[in-house]
Amino acid sequence: MSLQKKDDYDHKAWLKEKDLTPVETTFLTALIWLDKRFRIVDYLELLETLYYRVNLQMPKSHTEQYDLDNKFWYWYPLYTLGFFSTLAYVVAAISGALLGFYYTPSAVGGAAGEATAAYDQIAFIMTDLQFGFMLRSIHRWSAQVMTAAVFLHMLRVYFTGAYKEPRELNWLLGIVLISLTMVFGYTGYLLPWDQLAFWAGQIGVEMSLSIPLVGEWVAQLIFGGFSLGPSTLIRMYILHVFLLPFVVTSLIAIHIGIVWVQGIAEPH
Ligand code: HEM
């Protein structure tokens, strides 16, 4: 399709010729006004062509091919645990993004017996911020529900034999997802920088140090040193709010995309 010039056509005369209602005239005038300036009709056509091209190339989903929505087992409630995990993830992501407006990842100031900025901000969210208590609770609960749902989802996949051929890859992707879900939980747990966070961090450092040969290097990389400090908190923060959301969202999309193509497995 070519994007030719539009202003050599007399739209006003064309509109007058037609026997249109005022609503139709207003709509078409607005459309023509926009089209003359932004060529929106051309771009809409382009989008339409693209839509049909992509859809023609998509394979028919397994569900469509075998008419699965009409089978009883397809609607078994335990088959929705993956969807439930996704839902909990979305709630955690939205509430987390809102918490991000009020949280500060700074462990500076803790040494002299004062609270750190991170801890202070959590206290602010819990006591002073309107709906802050609720927002933080929604974030913590959805994160915990997600962990439980992902685990139960894995059990359902195992006990219905859904990991077998041809779904091995999605099972492996699932292993990565459950691991990242736990890393999400762990990094988030450290962010309030309270006693629980500090000692959980200490356990993490010691676990890293216990790895043969590369232990010290791993502790340095993940925790920013062998004892906890501001660089630990900033690493947890970057992992929690920057790296993991992008990686996990992409992997969930691929995971669900594969389910869309392969369909839900029949119980074996
Ligand atoms: C963030 C975590 C996860 C999300 C959001 C997620 C999401 C989903 C969704 C929406 C489905 C469609 C069927 C259903 O709802 O049960 C599904 C299917 C599947 N998931 Fe997950 N999943 C996650 C973790 C896992 C884990 C930990 C495993 C296993 C190690 C796994 C392996 C599979 C497999 C093999 C299927 C295909 C099941 C079938 O065809 O019946 N997933 N997942």
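**Helical architecture, iron site and cores of the predicted model**

Thr 232 is found in helix H11, where helices (H or I, at least four residues) and strands (E, at least two) are DSSP runs numbered from the N terminus. The structure is a predicted model, in which local features need pLDDT of at least 70 and side-chain atom pairs count only at pLDDT 80 or more, whereas totals for chains, interfaces and linings use all residues. Residues are numbered from 1 along each chain as its sequence is written, and side-chain values use heavy atoms, with hydrogens and water left out. With a relative accessible area of 0%, Thr 232 is buried; buried denotes under 20% relative accessible area, exposed over 50%, and partly exposed in between (1.4 Å probe, protein chains only). Apart from neighbours within four places in sequence, Thr 232 is in contact with Trp 193, Phe 223 and Ser 227, contact meaning heavy atoms within 4.5 Å.

The secondary structure of the protein comprises 11 helices and 0 strands. The C-alpha trace spans about 80 × 55 × 40 Å along its principal axes. Of the 268 residues, 32% are buried. Among contacts with a separation of 6 or more, 65% are accounted for by residues 24 or more positions apart. The protein exposes about 18000 Å², of which carbon and sulfur atoms supply 69%, as computed by the Shrake-Rupley method with a 1.4 Å probe; for residues, only the protein chains shown count as cover.

The iron atom of the ligand has His 153 (NE2) and His 255 (NE2) as its protein donors, at 2.0 to 2.1 Å. Donors are N, O and S atoms within 2.8 Å of the metal (3.2 Å for Na, K and Ca); water is not among the atoms, so sites may look incomplete. This pair links distant parts of the chain, with His 153 in helix H7 (residues 132–159) and His 255 in helix H11 (residues 230–262), 102 residues apart. His 153 counts as buried because its relative accessibility is 18%, and His 255 likewise counts as buried, at 15%.

The largest nonpolar core contains 15 residues, of which Tyr 103, Leu 191, Trp 193 and Leu 233 touch the most other members. Such a core is a set of buried Ala, Val, Leu, Ile, Met, Phe, Trp, Tyr and Cys residues joined through side-chain atoms within 4.5 Å. Two or more residues are given to this core by each of helix H6 (117–127), helix H9 (195–209) and H11. A second, separate core of 13 residues includes Leu 177, Ile 178, Phe 184 and Ile 252. Beyond its neighbours within four places in sequence, Leu 191 is in contact with Tyr 103, Ala 118, Leu 233, Met 236, Tyr 237 and His 240.

Several backbone features lie in loops. Glu 165 and Pro 166 are joined by a cis peptide bond, with omega of about 5°, and Pro 166 lies in the loop between H7 and helix H8 (168–190). Arg 39, although not a glycine, has a positive phi of about 55°. Arg 39 is located in the loop between helix H2 (22–38) and helix H3 (40–57) and is partly exposed, with a relative accessible area of 27%. Leu 213, also not a glycine, has a positive phi of about 65°; Leu 213 lies in the loop between H9 and helix H10 (215–223) and counts as exposed at 92% relative accessibility.
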